[in-house]
Amino acid sequence: MSIATYRGRFAPSPTGLLHAGSLSTAVGSYLEARCRGGQWLLRMEDLDPPREVPGAAADILRTLEAFGFEWDGEVVYQSRRHDLYRDALRQLIASGHAYACCCTRKEIAAAAQRGLDGYVYPGTCRNGCPDGRAGRAWRLRVTPGESVVRDRLQGEHRQNLARDIGDFVLLRADGFWAYQLAVVVDDAEQGVTDIVRGADLLVSTPRQLAVYAALGLPAPTYCHLPVLTNEAGEKLSKQTLAPAISGADAARQLRAALTLLGHAPPAECGDLAELWRWALASWSLASVPRGPLRLRVGSLPGVGLA
């Protein structure tokens, strides 16, 4: 692939504000795109209104601007793209790749075993819903065998979808689109060729490859950056009370993110513009650790590692 065709993206969810972990992912994806002569798109993954924080989407954009990120084109909002997801689901239903499921969470938990990411769906509705019951969700029919992800940083990742995950949800029973469908449809429609994101999402990549294959779409290249964790080993997130980053302290926090990604800027790079110039000239994926990277209490949003 020519570097002229590279198109990357950053896709935050407005379920909370940006924190040190999301900043390091944004920095890595941005630098990889720019250093390969490519574009860097910005997409707001706002498909789960009950979990979204009012004003978070606007705050994320302001924070990215304050840190000096420059994205190509307009910001895309998933909440405005329901027709694309609906068309994709119709295609999957017509081709026999998707089927309706009437099972409740309680029923699945009672009949299923734990897998890599929750309960492995036992296939109750694979051949149709039981008599007298209607479908509540739509699932992708996965095929037996091993899926292989050749990740540019993490190496080869293998997963047996049928055994470890089971047929997974595309449209939830509550009417909201599942991440696994929406992210594939969006990346394909936007022409994304290379995805650089956090390693916590590596477990879901085989599911996305299955959606690409079912839709007859070419899959992108993947690179999963190390996640930042607290001292308990938990990924930094809203749920683990990760503090939000602030544009008022952008230079120090950008330096911290670069250092965590294996790139320690020299002391003479004092302001934001100098840090970005140094980073663009120095970035190398080979210098990035695989992670995870554990932060000491009190170090956020700095660089202290446990």
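At what angle do helix α3 (residues 82-94) and helix α6 (residues 179-189) pack, and how far apart are their axes? The model examined here is predicted, with local features requiring pLDDT of at least 70 and side-chain atom pairs counted only at pLDDT 80 or more, whereas totals for chains, interfaces and linings use all residues. Residues are numbered from 1 along each chain as its sequence is written, and side-chain values use heavy atoms, with hydrogens and water left out.

The two helices pack at an angle of about 105°, and their axes are 10 Å apart. Axes are lines fitted to C-alpha atoms, for helices over the stretch in contact, and angles run from 0 to 180 degrees between N-to-C directions. Helices (H or I, at least four residues) and strands (E, at least two) are DSSP runs, numbered from the N terminus. The arrangement of α3 and α6 is therefore roughly perpendicular (angles of 65 to 115 degrees; under 35 is roughly parallel, over 145 roughly antiparallel, and the rest oblique). On the α3 side, Leu84, Tyr85, Ala88 and Leu92 meet Leu181, Ala182, Val185, Asp186 and Glu189 of α6, contact meaning heavy atoms within 4.5 Å. The residues of this contact comprise seven nonpolar, no polar and two charged; Ala, Val, Leu, Ile, Met, Phe, Trp, Tyr, Cys and Pro count as nonpolar, Asp, Glu, Lys and Arg as charged, and the others, Gly among them, as polar.

Aromatic interactions were examined next. The structure holds seven aromatic pairs, defined by rings of Phe, Tyr and Trp (its six-membered ring) with centres within 6.5 Å; planes under 30 degrees apart count as stacked, over 60 as edge-to-face and the rest as tilted. The ring centres of Tyr30 and Trp276 are 5.2 Å apart and their planes stand at 65°, so this pair is edge-to-face. Because Tyr30 belongs to helix α1 (residues 20-35) and Trp276 to helix α9 (residues 272-282), the pair ties together parts that are 246 residues apart in sequence. Both Tyr30 and Trp276 are buried (under 20% relative accessible area; exposed is over 50% and partly exposed in between, with a 1.4 Å probe and protein chains only). Phe69 and Trp276 form a further edge-to-face pair, at 5.2 Å centre to centre and 75° between the planes. Phe69 lies in the loop between α2 (56-66) and β3 (76-77) and Trp276 in helix α9, so parts 207 residues apart in sequence are tied together. Phe69 counts as buried at 4% relative accessibility, and Trp276 has a relative accessible area of 9%. Phe10, Tyr30, Trp40, Phe69 and Trp276 form one aromatic cluster.

Charges were also found over aromatic rings, the criterion being NZ of Lys or CZ of Arg within 6 Å of the ring centre and within 35 degrees of the ring normal. Arg114 lies over the face of Tyr119, at 4.2 Å from the ring centre, and Arg139 lies over the face of Tyr121, at 3.8 Å from the ring centre.

Helix α7 (residues 205-215) is largely enclosed by the rest of the structure, because 10 of its 11 residues are buried. Among them are Arg207, Gln208 and Tyr212. Just after α7, Gly216 takes a positive phi of about 70°.

Two loop residues complete the description. Pro144, in the loop between β7 (137-140) and β8 (146-151), is exposed at 74% relative accessibility. Arg36, in the loop between α1 and β2 (39-44), is buried at 18%.
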